[in-house]
Amino acid sequence: MPQATSYDELKDAISRAYPELPRQLQRIARFALERPNELALGTVAAVAESAQVQPSSLIRFANALDFSGFSEMQQLFRGHLVERSGSYRERIDQLRRQGPAGKTGFLNQFVGEAVAELGHLEESVRAADVTAAVKLICGASRVHVLAQRRAFPVACYLSYALSQLELKAYLLDGMGGMLNESLRNIARDDVLIVTSFHSYSQDVIDAAAAAHARGIAVIAITDSPLSPLKASAKVCFELGLASDRAFRSLVAPLCLAQALVVTAGDRLTASPATKTRPRSKKTNGARA
């Protein structure tokens with residue numbers, strides 16, 4: 001593959017190479033995409049220790065991406081860090097290095113991590129993707145929303161809030177083992193929104209793949225360019241969420257979900273053709 005010349009090109013190259021990489025190099029790929037600042041600033045030994053790999057594996061990883069060595073690849077990560085210097089993430093990292101403060105203990109830590117996530121969210125989400133997703137949502141006959149486990153609150157919010165815009169929005173909760181039947185009822189002019197984070201829900205992955213195969217537009221909210229949802233998504237939001245924390249926050253995906261809803265509402269309000277859209281019937285547990 002041609003050598004990447006920018007951070008965005010490097011992210012895409014890592015995503016493409018990931019399925020064919022040995023397990024050790026896949027671990028480095030996940031680390032690079034989830035914790036780019038650490039890779040930008042660390043020595044080979046420090047990065048290897050954080051990623052739990054041998055230092056030689058970092059050299060092999062860089063070579064696999066057509067770089068002559070780790071330092072050459074690291075320059076792209078450093079360039080990206082310089083471009084976004086002074087972000088919330090750096091500020092919170094600095095506070096964290098100063099040690100815990102106050103009496104609220106874990107609350108301080110979680111608030112700090114949440115603020116860092118929001119700073120990264122603003123940088124990682126492209127305006128063009130928000131516009132494309134909202135266009136699909138507003139133009140669909142029905143919007144179906146699917147998530148499981150810890151991502152489930154995101155789906156609940158989206159289905160509720162979109163229905164308040166008088167869109168026909170349905171939460172696919174799989175109650176009574178009826179998930180497959182609900183998925184079969186999704187039409188070609190509908191949209192499926194899926195949300196899943198590492199470790200990914202196989203049901204959500206399969207649902208997105210099946211919808212994509214039928215020509216149904218899929219919008220994915222996930223955590224990484226390495227997410228298995230990316231291949232099925234017409235629009236994919238990769239939030240860069242860290243997967244190594246014991247308790248992972250939903251602040252960033254919920255903030256994105258709220259932004260999508262409000263942007264959709266703004267589009268519907270501004271478009272005369274959508275003002276006469278019939279109001280969806282609200283029933284408890286409504287589903288396709």
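These legends describe close-up views of a predicted model.

**View 1. Helices H1 and H2 pack against each other at an angle of about 150°.** H1 spans residues 7–17, and H2 spans residues 23–34. Their axes lie 10 Å apart. Angles over 145 degrees count as roughly antiparallel, so H1 and H2 are roughly antiparallel to each other. The crossing of H1 past H2 is left-handed. H1 contributes Lys11, Ile14 and Ser15 to the contact. H2 contributes Ala29, Ala32 and Leu33. By class, the contact residues are 4 nonpolar, 1 polar and 1 charged.

**View 2. Asp190 and Arg142 form a salt bridge.** The closest N and O atoms of Asp190 and Arg142 are 2.8 Å apart. Asp190 sits in the loop between helix H11 (179–184) and strand S3 (191–195). Arg142 sits in the loop between helix H9 (127–139) and strand S1 (143–147). The pair therefore ties together parts that are 48 residues apart in sequence. Asp190 has a relative accessibility of 3%. Buried means under 20%, so Asp190 counts as buried.

**View 3. Glu181 and Arg184 form a salt bridge, and both residues lie in helix H11.** Glu181 and Arg184 are 3 residues apart, about one turn of the helix. Their closest N and O atoms are separated by 3.3 Å. Glu181 is partly exposed, at 30% relative accessible area. Arg184 is exposed, at 55%. The cut-off for exposed is over 50%.

**View 4. Lys230 and Glu238 meet through their side chains in a salt bridge.** The N to O distance for Lys230 and Glu238 is 3.3 Å. Lys230 has 28% relative accessibility and so counts as partly exposed. Side chains of opposite charge can pair when their charged atoms come close. The structure holds 5 salt bridges. Among them are Lys230 with Glu238, Glu181 with Arg184 and Asp190 with Arg142.

**View 5. Ala252 is a buried residue of helix H13.** Helix H13 covers residues 251–270. The relative accessible area of Ala252 is 1%. Buried means under 20%, so Ala252 falls in that class. Ala252 and Gly119 are 133 residues apart along the chain. Their C-alpha atoms are separated by 9.1 Å.

How values were computed: Residues are numbered from 1 along each chain as its sequence is written. This is a predicted model: local features need pLDDT of at least 70, side-chain atom pairs count only at pLDDT 80 or more; totals for chains, interfaces and linings use all residues. Side-chain values use heavy atoms; hydrogens and water are left out. Axes are lines fitted to C-alpha atoms, for helices over the stretch in contact, and angles run from 0 to 180 degrees between N-to-C directions. Helices (H or I, at least four residues) and strands (E, at least two) are DSSP runs, numbered from the N terminus. Angles under 35 degrees count as roughly parallel, over 145 as roughly antiparallel, 65 to 115 as roughly perpendicular and the rest as oblique. A crossing is left-handed if the near helix is turned anticlockwise from the far one by less than a right angle, and right-handed if clockwise. Contact means heavy atoms within 4.5 Å. Ala, Val, Leu, Ile, Met, Phe, Trp, Tyr, Cys and Pro count as nonpolar, Asp, Glu, Lys and Arg as charged, and the others, Gly among them, as polar. Buried means under 20% relative accessible area, exposed over 50%, partly exposed in between (1.4 Å probe, protein chains only). A salt bridge is a side-chain nitrogen of Lys or Arg within 4 Å of a carboxyl oxygen of Asp or Glu.
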